[in-house]
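Dear colleague,

Please find below the structure that I am handing over to you.

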Amino acid sequence: MRRLDPRLRIVIFRVAILLIFLGLVVQLWYLQVVQWQKYLLQADRNRFRLVSIDAPRGIIYDRHGNILVRNKPSFTVTIVPADLPEDEAEREAVFARLSTLLDIPVSRPSQVPSGRVPVALAAPPEFSLQPGIKEMVEQGRGAPFLPVRIATNVEREIAFIIEEEHLDLPGVHVQIEPIRQYISGDLTSHIIGYVGRIPGERAEEYIKRGYDPNSDRVGLTGVELTFEDELRGRKGRKHIEVDVAGREIRTVGEPEPARPGHNLILTIDLELQRAMEGALYQGIKAAGSKAGVAIAMNPQTGEILGMVSLPGYDNNLFAEGISVGDYERLSSDPHHPLVNHAISGLYPPGSTFKIVPAAAALQEGIVTPETQFTCEGILWLPNKYFPDDPEQAQPFYCWIHKWGKHGPINLISGIAQSCDIYFYIVSGGFRDFEGLGLERLAEYAHLFGFGELTGIDLPGENAGLVPTRKWKRLTYSEIWVTGDTYNMAIGQGFLLATPLQILNATAAVANGGTLYRPQIVYQVTDAEGRVLRSFTPEVIRQIPVSQENLALVREGMKAAVEWGTAMNAHIPWVSVAGKTGTAEYFTDENNDGYPDRDRQGNLPTHAWFTAFAPAEDPEIALIVLVEGGGEGSDIAAPIAAQILQHYFPMPSTGAPPEAEATPAPEGQPAPSLPEPIGRPFRAKIVGVDEQETELSQLVGTVVDIKGQGIPGVRISIDAGGAPIFETATNPQGWFSYDMLNASASSRWNVKLIGLPEAEELHLEVEPFKRYTVQFYEVTP
C-alpha cells in the first residue's frame with residue numbers, strides 16, 4: 001500500500017486543526033452572539049430569584065381589647081429542590097440528616113402517621129396523610145426554585161445546628177416566620193379555631209385564590225376559617241441574589257413589602273367567657289357529666305357575649321404541630337372535644353321548648369291567660385278507634401306525677417311550674433278541646449328559628465330537626481299520631497335543636513319578637529387600628545306574635561324563677577326570667593339493644609336552663625346545657641345563676657333592690673321585700689335526709705322573729721375555710737347549694753354576710769345527704 005507523502009499529511013493535519021478551530025469560533029460566536037440572552041437568563045435564574053414575603057396574619061381581640069390571638073416568630077425549615085445535590089447518594093444523605101434532626105421520616109409512602117407532625121395540621125381528616133421529606137420535596141418539583149416548607153416551629157437548638165451545617169446541607173434553609181399563638185387557648189378554641197395546611201381536596205380552589213398549597217397556611221375552623229379573607233393579608237416580594245448553595249447574598253432593588261391581614265374584634269367578653277367556663281366546669285363535674293354548653297347573648301342585637309363548649313381542646317397544639325398521641329386522644333374521645341357542641345350538637349330541648357307552644361297558642365286564640373286545665377299528674381289519651389274503652393287509653397305523664405299533681409293550671413302557672421299536661425292539651429288537644437295541631441306547632445317552631453341555621457359566623461352549624469307527618473312516614477314508615485304532638489310540645493320525641501337555636505328563640509321572646517342572626521365579630525380593623533367594618537344587627541324575621549302575648553310568656557318565665565321550677569336561678573338584686581328543661585334521651589352504653597336506665601327505670605336526661613335578665617329590660621340572654629346532667633332545675637339553673645351573678649355583681653352597699661315580683665298563684669304567699677335587720681341570728685340543722693346524688697345538697701331559710709322569710713340576705717358557703725360559693729335568699733327567704741363535696745372537705749361552714757351577730761353554722765358533710773338548715777332571728 002502506497003503511503004501518503006509526509007508533507008501532504010502535514011497539510012491535512014493543519015487543515016483539520018484549522019477546521020476545528022473555525023468550528024470552535026463559530027460555536028463561540030453562536031453562544032456569545034446568538035444565544036447569549038438565553039444563557040444569561042439561565043445564569044440569572046440560578047443567581048437571582050424572586051421570593052415571597054409572608055404577610056403577618058391579623059390579630060384577634062375580645063370586645064374590650066384583650067388579645068386572644070397573635071403571631072409569634074418561629075423557625076421554619078425549607079428545601080429548595082433546585083439547590084439539592086444532583087448525586088442521589090448526596091441527596092439521600094441530606095434527607096437522612098434532616099430526618100434525624102427533625103424527627104420526620106425520609107419517606108412515608110404508606111402515609112402512616114408517626115412521631116410529630118412537623119407543620120400545623122391541615123384538618124383532622126388529613127392528619128394521616130402527612131408525607132415524608134422525599135414526598136414533600138417531590139410535591140414541590142413543579143416549581144423547583146420555590147422553597148418547600150418541611151417543618152415549622154422548629155426548636156431553637158435544632159435550627160442553629162442546621163445553620164451550622166449548611167455547607168453539608170445544600171438546598172436546606174432556616175427561615176424565621178410567624179406562627180399563631182392562641183393566648184386564650186382552650187378557653188376560646190371553639191370560637192377562634194386554628195390554621196393549618198391547605199386541605200388536598202380544596203387545593204385547586206385555593207390556588208385560584210392566589211395561595212401556594214406547599215407553603216401557605218389557612219384557617220380551618222372557627223373564625224380563622226370564616227374570616228380567612230380578612231385575616232390572611234397580602235404577601236410581599238423581593239429579588240435576591242444567591243450563592244452557589246442557594247443561600248441569600250443580598251437583596252436586589254426595593255422589596256415590595258407584605259401587607260398585614262386585618263384584625264378582628266370579637267363580640268366575646270373574655271372575663272365573662274372565663275366565668276362561664278368556670279361555672280359550667282364546676283356544674284358538670286358536680287353532676288357527674290363530661291360535657292356541657294353555656295352561651296350568652298345580647299338579646300337586643302344578637303351579639304354573642306360568651307360561648308363555652310366542654311370538653312374543649314388547646315388550639316396551640318395544632319398551631320405548633322400536634323403529636324400523633326395528642327391527635328388520637330382528641331379524635332377518639334367519646335365526648336368529641338373538637339366539636340363545638342353549642343352550634344353542632346343536636347339535643348331534645350325538653351321543656352325549654354314550651355315557650356313556643358305557649359306563644360303560638362296565645363296568638364292563635366287557642367287559649368287565653370285565664371284558660372285553665374286540670375293536671376292530675378297523668379293524662380289518659382283515649383284510643384282513636386276505641387274512645388270509650390279506658391283500657392285502650394294511653395297514659396301521658398306530667399313530671400310531677402311521682403309526687404302529686406298541679407291541679408288547676410293556666411298559662412302563667414303552666415310555664416312557671418312547667419306542667420307537661422297543660423302543654424299536651426294546648427298543643428295536641430284533648431277530647432273536645434282542639435289544640436294547635438302539628439302543622440301550626442311546626443310552623444311556629446320554624447318562626448322561632450328551629451329547624452334552620454341561625455347563620456352565625458362559625459362553621460359547622462347544625463340545622464336541627466322539626467319533624468312533620470311526611471318526615472315520619474318516610475323515615476319510620478309510620479303515621480303521625482296525637483302522642484307524637486304531645487311529645488313534641490314538651491321538647492321530646494323527634495324534635496332536635498342546638499343550644500344556640502334555643503337561646504335565639506329565648507332572646508326573641510325577651511326582646512319583643514325580633515329574631516336576630518347571632519354574630520361573633522364586632523369590628524374589622526386594619527393594622528393601624530382604623531375601623532373597616534362595624535357590627536350591625538341583622539334581623540332574620542319579626543315573629544308574628546303580638547307584644548301582649550309575648551309579655552305573657554315573659555311573665556310566666558319570670559314566675560318560674562320567683563316561685564316555680566327555676567327558683568335556683570333567683571338573684572335578689574336583679575329580676576331573672578327563665579325556663580328549665582329536663583330532656584330524656586336514648587343511650588345504649590351496654591350494647592344490649594335496650595336503652596340505659598337508672599335503678600328506678602328512668603331514662604337519662606339532659607339538664608337545660610334558658611333565661612334572660614333583667615326581666616323588664618333584658619341585657620343578657622343565657623342558655624346552659626349539661627349533657628346527662630339530670631334535672632334542669634337542680635343542675636343547669638344554679639350554673640346560670642352563677643354566671644348571671646358575675647354579669648350583675650351584688651351591690652356593694654345597702655340591701656339589694658328586689659324587682660317587683662310576679663304574683664304567685666292563689667293560695668301561695670307573695671314574696672316580701674327586705675327589711676332592715678338589727679337583731680342577732682342563731683343557726684340550726686333542721687334535718688338530714690338521704691338522697692341518690694353523691695354530692696350532698698344544702699337547703700336553708702333565713703327567717704325573722706315572726707318566722708317569715710327574709711329576702712336578699714347574703715350567704716357565704718366555704719369548705720374548711722376556703723370560700724366556695726356566695727348567694728342570697730330568694731323572695732321567700734330560702735337558699736340552696738347542690739355541690740357539698742365531702743371528698744373536698746368534710747367540714748363546711750355557712751354564714752350570713754354583713755351580720756356580725758349572726759351565728760355561723762358548721763356542717764360535718766357526708767355523701768348522699770340533703771341538709772336542711774335555718775337561720776332564725778332572736779330577741780337580744
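In which loop does Pro614 lie? Pro614 is in the loop between E22 and E23. Here helices (H or I, at least four residues) and strands (E, at least two) are DSSP runs, numbered from the N terminus. The peptide bond that leads from Ala613 to Pro614 is cis, with omega near -15 degrees. Another cis peptide bond runs from Leu310 to Pro311, with omega near 0 degrees; Pro311 is placed in the loop between E12 and helix H11 (316-319).

Some remarks on the source are needed before the details. This is a predicted model, in which local features need pLDDT of at least 70 and side-chain atom pairs count only at pLDDT 80 or more, while totals for chains, interfaces and linings use all residues. Residues are numbered from 1 along each chain as its sequence is written, and side-chain values use heavy atoms, with hydrogens and water left out.

The chain as a whole

The chain contains 22 helices and 31 strands. Of its 780 residues, 51% count as buried; buried means under 20% relative accessible area, exposed over 50%, and partly exposed in between (1.4 Å probe, protein chains only). Among contacts between residues at least 6 apart in sequence, 72% join residues at least 24 apart, where contact means heavy atoms within 4.5 Å.

Pro170 and Leu84 are 86 residues apart along the chain, yet their C-alpha atoms are separated by 5.7 Å. Leaving aside neighbours within four places in sequence, Pro170 is in contact with Asp83, Leu84, Pro85 and Val94.

The sheet that includes E22 and E23

An open sheet of 5 strands has the order E12-E11-E23-E22-E21, with antiparallel pairing; two strands pair if DSSP finds at least two bridges between them. Strand E12 (304-310) and strand E21 (577-584) are at the edges with a single partner strand each, so one side of each has no neighbour in the sheet. From one strand to the next, the twist averages 5 degrees. For this and the other angles below, axes are lines fitted to C-alpha atoms, for helices over the stretch in contact, and angles run from 0 to 180 degrees between N-to-C directions.

Strand E11 (residues 292-297) pairs with E12 over 6 bridges in the antiparallel sense, and Met297 stands opposite Ile304 in E12. H21 packs on the sheet, where it touches E21 and strand E22 (605-613), and its direction makes about 80 degrees with that of E21. Helix H22 (residues 632-647) lies across E11, E12, E21, E22 and strand E23 (620-626), and runs at about 140 degrees to E23.

A covered helix and a helix pair

How many of the residues of helix H14 are buried? In helix H14 (residues 355-363), 8 of the 9 residues are buried, among them Ile355, Val356 and Leu362. The elements that cover these buried residues include H17, H19, helix H20 (499-511) and helix H21 (547-563). Just after H14, Gly365 takes a positive phi of about 75 degrees.

Helix H17 (residues 437-447) and helix H19 (residues 482-489) pack with their axes 10 Å apart, at an angle of about 25 degrees. That angle makes H17 roughly parallel to H19; angles under 35 degrees count as roughly parallel, over 145 as roughly antiparallel, 65 to 115 as roughly perpendicular and the rest as oblique. The contact is made by Gly437, Leu438, Leu441 and Ala442 of H17 together with Thr485, Met488 and Ala489 of H19.

Ser477 is in the loop between helix H18 (469-476) and H19. Although Ser477 is not a glycine, it has a positive phi of about 55 degrees. Ser477 counts as exposed because its relative accessibility is 65%.

A strand with two faces

E14 and strand E15 (residues 394-397) run antiparallel and are joined by 4 bridges, with Ile378 opposite Tyr397 in E15.

Yours sincerely
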